[in-house]
Amino acid sequence: MEQLRTIGRELAMGSQGGWGQSKEFLDLVKSIGEARSKAEEDRIIARELEHLKRRLADPDVPRRKMKELLLRLVYAEMLGHDASFGHIHAVKMTHDESLPLKRTGYLAVALFLDERHDLVILVVNTIQKDLRSDNYLVVCAALTAACRLIGEEAIPAVLPQVVELLAHPKEAVRKKAVMALHRFYQRSPSSVSHLVSNFRKRLCDNDPGVMGATLCPLYDLILEEPNSYKDLVVSFVNILKQVAERRLPTSYDYHQMPAPFIQIKLLKILAVLGSGDKQASGHMYTVLGDIFRKGDTASNIGNAILYECICCISSIFPNPKMLEAAAETTSKFLKSDSHNLKYMGIDALGRLIKINPDIAEEHQLAVIDCLEDPDDTLKRKTFELLYKMTKSTNVEVIVDRMIEYMINITDHHYKTEIASRCVELAEQFAPSNQWFIQTMNKVFEHAGDLVNIRVAHNLMRLIAEGFGEEDEGADSQLRSSAVDSYLRIVGEPKLPSSFLQIICWVLGEYGTADGKYSASYIIGKLCDVAEAHLTDDTVKAYAISAILKIFAFEVTLGRKIDMLPECQTLVDELSASHSTDLQQRAYELQALLGLDKHAVESVMPADASCEDIEVDRNLSFLNSYVHQALENGAAPYIPESERSGAISVGSYKSQEQQETSAHTLRFEAYEMPKPSMALATSQASMSAPPTDLVPVPEPGYYKEDHQTSRSQPSGDAVSGEFGVKLRLDGVQKKWGRPTYSSSTPSSSASSQQATNGASHSDGGGATSSQARESTYGSKRQQGTEISAEKQRLAASLFGSAAAKADRKAQASRKTAKESASTEKASASSAASQPIKEQVIPAVPPPDLLDLGDEPVSSSPPIADPFSQLEGLLGPASATPVVSGTPAASTSNAQDLMSIFSDDVPTGATSGSADPAVGDANLMSSHKGATAAAAKKGPSLQDALQKDATARQVGVTPTGNNPNLFKDLLG
Amino acid sequence: MIQAVMVISTQAKPRLLKFYNFQPPEKHQDLVRGVFQLLSARPDSVSNFVEVDAIFGPGTKMVYKHLATLYFVFVFDSSENELAMLDLVQVFVETLDRCFKNVCELDIVFNFNKLHTILDEMILGGQVIETSSEQIMKSVEEIARLEKQSSTTSLIPKSISERFSR
């Protein structure tokens with residue numbers, strides 16, 4: 001029906017002649033309107049484009065017609081069809097003398113092209129010419145196009161003319177010239193930096209429009225460095241005063257407001273200039289007060305100015321009177337029926353509470369209303385506000401609300417953001433570990449795939465390390481509650497992978513620790529997990545490792561274990577898996593079952609996940625093995641730095657093949673034929689006279705390679721230790737991550753210990769719990785007729801009186817948030833484990849109180865605590881490969897054990913029973929490597945790395961593997 | 001700054017697209033679709049603001065007005081005031097109304113180049129340069145007048161020269 005009406009209208013338009021569009025265009029629009037499907041529409045437009053292509057290329061088409069053709073092209077492109085063939089015609093049209101054609105050309109070019117497009121170079125010349133035109137409309141069109149099309153390189157070409165235009169008699173041109181300069185400044189600040197004085201000059205332009213336009217570039221410049229524009233504060237204030245007092249011509253009024261856009265821009269500029277500057281702010285108070293007094297809350301634009309005033313006041317040096325006025329206006333916004341104003345009110349409140357948190361209390365019910373509003377935008381804004389005002393007294397309510405909201409979000413982008421906010425708040429303000437774990441469970445359950453994997457590692461760490469050393473009972477209670485909750489959850493369908501990993505790990509580590517659940521019960525659950533997630537290798541790996549751990553603990557305790565049939569099935573299935581990692585884990589499990597209690601105890605010590613890991617990056621424990629291998633005639637290793645580039649690796653390899661015959665495996669692709677040719681040449685040139693060779697012209701860069709290859713023989717003489725050790729290393733480097741060798745495990749380990757010792761203080765915990773109690777007390781006192789539930793919510797969110805009493809603690813807490821360090825010392829008995837290792841005891845909380853309620857937004861990203869964690873994990877995964885204790889030389893069996901036991905969290909490790917044997921050592925280090933790699937998730941790179949290592953140590957990942965393992969252990 | 005101005009019909013058809021930060025043409029339709037999905041999911045009588053960081057990058061918001069069969073959408077970053085932007089939409093629509101006398105969707109479909117001209121007078125390089133619809137109309141009429149003039153002046157010599165060449 002609608003379309004019919006449209007068509008009727010169209011025909012009417014057509015008869016009127018409309019805006020000069022032809023019948024063809026009308027037909028096109030009509031047929032598109034009538035199209036029943038997207039395919040039909042596409043067909044119509046494709047036909048149209050064909051037609052346009054022919055017509056545009058036709059030299060006989062009258063120029064008048066060209067304009068319309070081009071517009072039709074623009075139309076087709078707007079509907080999403082490729083019209084790139086017409087771009088050149090658009091460029092051509094900008095050269096046209098007739099104004100309508102030129103303008104259309106510029107319009108099309110500005111819509112089609114960007115500054116990096118090849119055709120732009122053809123337009124620059126035209127723009128240059130048009131900027132000198134006598135016709136101001138041509139100049140305007142050129143300036144508009146210049147804003148769009150002049151990139152960094154082309155700026156110098158047009159800059160002189162644009163600067164000249166700043167003094168053009170027409171104000172419209174001056175205005176656009178200012179804007180063009182502004183645009184150039186945005187593109188490349190350096191190219192117009194010498195022209196900044198021009199902006200200041202234009203500020204005194206006779207025409208208020210030009211002056212207003214100048215504010216845009218000045219705002220950007222002032223944002224960049226406020227200090228060099230402090231001298232303008234008085235001028236800006238004066239201008240604002242004049243504008244507000246209606247000294248401008250009435251033609252600048254908009255809805256009875258004098259030049260509102262200029263006022264808003266000025267307020268924005270003043271906000272920047274007055275920020276943290278008492279003197280500059282002093283100039284502003286009077287005019288701001290005037291604006292507030294005259295403020296018109298009836299019109300939209302009046303409110304826009306008032307809102308901007310609030311922003312300004314919350315940014316400049318605070319003045320109690322001004323704040324009062326701002327708070328008053330904010331409450332008007334919040335009480336308004338308009339959603340727009342409520343939104344602005346919430347935003348304004350978020351700004352004001354940074355200066356005075358008490359303001360929020362007054363509006364608690366309004367805020368809660370917004371939280372329950374059907375408007376999603378308003379809801380989000382309110383959550384942002386709540387996020388800003390979270391403290392340890394209200395964190396539980398806020399995070400619960402957030403999670404509740406998060407569950408129903410479908411927008412992944414926003415869900416991720418909200419989930420990470422929940423995690424951040426929970427980590428910073430968690431009142432208890434128990435609550436923290438429950439909260440994290442919820443977050444993982446509903447958004448597990450969206451949160452950073454490091455959050456998962458963090459949670460595991462918290463469960464493993466608990467409150468700290470001195471309170472073992474609480475730790476085990478925490479763990480068993482975690483186990484309880486996981487056993488409840490684990491059966492649910494559609495749990496995210498990262499959450500399942502946590503569950504498996506925790507069940508494996510602590511499932512049987514408190515004796516509440518039998519081993520076979522837990523194992524059954526784990527088998528179910530592995531079975532339910534057939535495609536997820538990581539989860540399966542975690543599950544089988546967890547089973548392995550439980551078996552190990554049972555054996556250690558001397559209990560008899562029966563192999564459940566489903567477990568046996570799982571093991572059988574995994575030992576035939578395509579994933580070598582899963583296979584390995586399965587075989588390890590089987591091997592472990594054959595061991596006696598003693599061996600198991602040393603292989604898998606209980607609760608070893610918290611042990612620190614020492615990494616010996618020199619691999620000195622391999623020395624004897626390397627030496628032996630060298631004596632047996634193995635080729636020494638050439639470090640990567642000496643093999644310059646892939647070509648030289650190839651040539652080295654081929655040389656090696658010639659010399660030591662091809663009994664070693666080769667991992668890299670076959671080299672290009674050319675290098676080996678060149679190599680042959682070079683070898684010949686070394687050994688024999690070059691005359692009997694085909695004269696192959698040697699490109700310059702081969703020379704280097706020859707250098708390397710020539711130096712190879714001397715490489716043979718390098719000590720054996722050097723050779724073989726690096727050989728292994730080289731493979732790692734080839735496949736491994738670059739971060740490998742750069743980690744400094746010992747330092748992070750030691751820092752952890754240091755902070756562990758220093759980071760506990762009971763005082764903070766006591767205060768916060770007290771505070772919470774008093775908050776609850778205050779709840780009861782708020783007796784009004786508003787619905788009890790809302791009130792309760794309000795009380796728990798805002799915690800009026802108690803909040804005040806608690807302000808001190810809170811202030812220090814907020815600053816703790818900023819530094820992400822004093823958290824432990826100042827707040828929450830929860831002693832949020834994740835941040836523990838970051839604690840810097842040197843920062844005394846009282847000093848930080850001065851900072852008070854700094855903007856929360858300036859706090860460091862939550863990633864911080866994790867980066868440390870990663871630092872720990874990095875070396876941990878690298879440990880077994882790159883290091884170890886020199887077993888043969890020191891035979892320090894315990895050390896060795898501790899190294900491998902640290903890998904227990906990943907599950908599938910096992911030490912060697914006889915550490916004195918070099919082979920065994922290497923073997924187990926290989927195991928560690930695979931297990932560690934698996935911890936990071938089975939990426940292709942990891943798999944390749946593992947494979948390479950496996951081959952390097954002479955183990956093929958299939959068949960032989962278990963036998964070898966048995967030999968070693970037997 | 002203002003990043004984009006869009007006019008989208010309630011049938012999800014773009015009627016006007018103008019990006020002040022270049023967006024490659026192949027991305028335009030995705031943007032239109034993303035924006036339209038957001039808009040169509042919003043009930044009436046809620047706020048006119050939507051945060052669109054998922055579509056246009058962090059910190060971006062959009063203000064929209066739903067008038068008859070069209071959505072007028074302005075996308076901008078944190079350096080603009082939401083309420084002021086809402087008024088800018090108002091200015092734009094008022095100007096259109098003056099220009100076309102009872103503007104309807106069809107005027108906009110057929111005269112999108114006119115819309116571009118109007119927008120160019122209001123916004124340059126993503127910054128607001130003119131907010132008085134009267135002033136904008138004056139400039140636009142001036143342009144139309146001069147265009148007509150120049151096209152007649154350019155047509156005459158052309159036809160004469162053509163005649164001479166024959």
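**A strand and its neighbours**

Strand 1 (residues 2-9) of chain B runs antiparallel to strand 5 of chain B, and seven bridges join the pair. Please keep in mind that this is a predicted model. The points below start with that pairing, then turn to a helix pair and to the contact between chains.

**Strand 5 of chain B and its partners**
- The hairpin of strands 4 and 5 of chain B has two residues between the strands, and Ala68(B) takes a positive phi near 50° in it.

**How strand 5 of chain B is covered**
- Strand 5 (residues 70-76) of chain B is mostly covered, with seven of its seven residues buried.
- In a regular strand, side chains alternate between the two faces of the sheet.
- Leu70(B), Phe72(B), Phe74(B) and Phe76(B) point one way, while Tyr71(B), Val73(B) and Val75(B) point the other way, and all are buried.

**A helix pair in chain A**
- Helix 15 (residues 260-274) and helix 16 (residues 278-294) of chain A have axes that come within 8 Å and cross at roughly 145°.
- Leu270(A), Leu273(A) and Gly274(A) of helix 15 meet Ala280(A), Ser281(A) and Met284(A) of helix 16.
- By class, this contact has four nonpolar, two polar and no charged residues.

**Where the chains touch**
- On chain B, 47 residues are in contact with 58 residues of chain A.
- Helix 6 (residues 133-165) of chain B gives the most to chain B's side, with eight residues.
- That side of chain B has 22 nonpolar, 17 polar and eight charged residues.

Note on methods. Residues numbered from 1 in each chain as written. Chains lettered and ligands numbered in written order. Predicted model: local features only at pLDDT ≥ 70, side-chain atom pairs only at ≥ 80, totals over all residues. Contact = placed C-beta atoms within 7 Å. Helix = DSSP H or I, 4+ residues; strand = E, 2+ residues; numbered from the N terminus. Nonpolar A, V, L, I, M, F, W, Y, C, P; charged D, E, K, R; others polar. Axes fitted to C-alpha atoms, helices over the stretch in contact; angles between N-to-C directions. Buried ≥ 20, exposed ≤ 12 C-beta atoms within 10 Å, placed from the backbone. Pairing = 2+ DSSP bridges.
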